[in-house]
Amino acid sequence: MKSLKRQEHKFSDSFIQLEVLQAARPGGGKFERFEDKLDTIGLFPLRPTQLEIFQVNVGKMCNQTCKHCHVDAGPDRKEIMTRETMQQCLEALDKADVAGFPVKTIDLTGGAPEMNPHFRWFVQELHKRGKHVIVRCNLTIILANPKYHDLPQFFKAHGVEVVSSLPHFSARRTDAQRGDGVFEKSIKALQMLNAAGYGQEGSGLQLHLVYNPAGAFLPGAQVSLEKEFKQQLKRQFNIDFNSLFVITNLPISRFLDYLVQSGNYEGYMEKLVNSFNPAAAANVMCRNTISVGWDGQLYDCDFNQMLDLTVVGAPRHIKDFDVAQLNQRDIVLNQHCYGCTAGAGSSCGGQTA
Amino acid sequence: MENTYYNPADLAKFGNIAEFSPDLAKKFFDYYGDVFKEGELSVREKSLIALAVAHAIQCPYCIDAYTTDGLEKGASEGQMMEAIHVAAAIRGGASLVHGVQMMNKVKEITM
Ligand code: SF4
Ligand code: SF4
């Protein structure tokens, strides 16, 4: 499968995605503006609480081409963060430490972040600074090439927290979303991580799984799904993990394309809007996170990054990073934000309410 | 009346039954809500039972609702189909087991 960008698909233009999200409904009228919705509960303009997490997207290259990918990642994407930009990220983190607003957690994502040639160097530098590093590992990368087979050991040596997607404990549902054979390889990779100590009691090596629905429906309650995943993965494959993060698919990029193509767009948006939860709105992740793009641009979150919505009210590039101004900014919102506030809420760390 | 007995849009109007009898509706929905809470059975198991019953009573609203609900609760396609087979087996078995009654009667009145 090719990325939308490679297909020259209309949705590779973020402007067109935003047009779809803001368009009138077939029956007339529009979905209430997300900003107005926040206003009704006194949350507009939405302001950060305090910057705690740096989510760094080190590139869009990936060994997979999942159907729902909001990054539109894939083997044909060449955007990769340079060492120079990584250096600027490190300098920004040092600056924040000095300014008295230390950013403790660095969440590395992609694409497959491990495919960036400077990935290991970056993790080592972060580790030296005493930062807590999270890697969003797609699991199959560990088996994709012999040069990645030692990733579990590398992660372990640097105290990396591993967060991995597994949309279901059945091969059918997983492969439908992530590609043929992905389930089997993911299971093997999880067993390798377990063997390195990940997800094992007392090891301190955190292994979390991410569940997101393989289709146009909302995720169920995190506690029940976690229980279910733990039982099934233990029983069928003897796999252990720490927590399950339940994430709602946001209507952007390839998932938006899926929704439109399958005729589910209206129904899905309606569900998101109708499930708006004020408690989840108060805890959206953009309030304590900054997202850094592969080219060093700054965004309120990874989703805004994919929609080319850069931060407003603070310098827009990591080289000019200013934590005080970022903490004062108004967060850029649009209709896709309903995905973060539906039901029990959704963030890169799972449910929020 | 509409031209069809079943309209998918009516599913979302289930709550409207309160219009003609609010007290009973409230009792029913409170009960309904409690039944589907996590208990000795998990919410997923309850959802699968509901799906099986929906097929036994052949209610299109319930099939629609509990297919989505099953997916949301993490049920797999295999689990959902097995639940329906359970309903089918019980339905089929319920007919067949009465065959014993038929046989009893036959034996009673034949030489
Ligand atoms: S593994 Fe992740 S980044 Fe890669 S295509 Fe799938 S969802 Fe996108
Ligand atoms: S999509 Fe981004 S900006 Fe919008 S609410 Fe979610 S995290 Fe915040």
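Modeller: A cavity here is a set of grid points where a 1.4 Å probe fits but cannot get out, whereas a pocket is an open set. The model is predicted, and in it the count comes to three cavities of 30 Å³ or more. The second largest cavity has a volume of about 140 Å³, and its lining is made up of 18 residues, of which V284(A), C286(A), L333(A), C337(A) and C340(A) are the closest to its centre. At least two residues of that lining come from each of helix 3 (34–40), helix 14 and helix 16 (338–341) of chain A. By class, 15 residues of the lining are nonpolar and three are polar, with no charged residue among them.

The largest cavity, with a volume of about 640 Å³, is lined by 38 residues, and H68(A), H70(A), T109(A), S165(A) and R178(A) lie nearest its centre. Strand 4 (161–165), helix 11 (253–261) and helix 14 (302–306) of chain A are the elements that give two or more residues to this lining, and strand 4 of chain A gives the most, with three residues. The lining of the largest cavity divides into 18 nonpolar, 16 polar and four charged residues.

As for open space, the largest pocket has a volume of about 1,400 Å³, and of the 41 residues that line it, L11(B), A12(B), Y61(B), D64(B) and A65(B) are the closest to its centre. Helix 3 of chain B supplies the largest share of that lining, eight residues.

Terms used
Residues numbered from 1 in each chain as written. Chains lettered and ligands numbered in written order. Predicted model: local features only at pLDDT ≥ 70, side-chain atom pairs only at ≥ 80, totals over all residues. Heavy atoms only, no water. 1 Å grid on protein atoms, 1.4 Å probe; cavity = no way out; pocket = protein on both sides within 12 Å on 5 of 7 lines; lining within 4 Å. Points joined across faces, edges and corners; volume = space filled by probe spheres on them. Helix = DSSP H or I, 4+ residues; strand = E, 2+ residues; numbered from the N terminus. Nonpolar A, V, L, I, M, F, W, Y, C, P; charged D, E, K, R; others polar.
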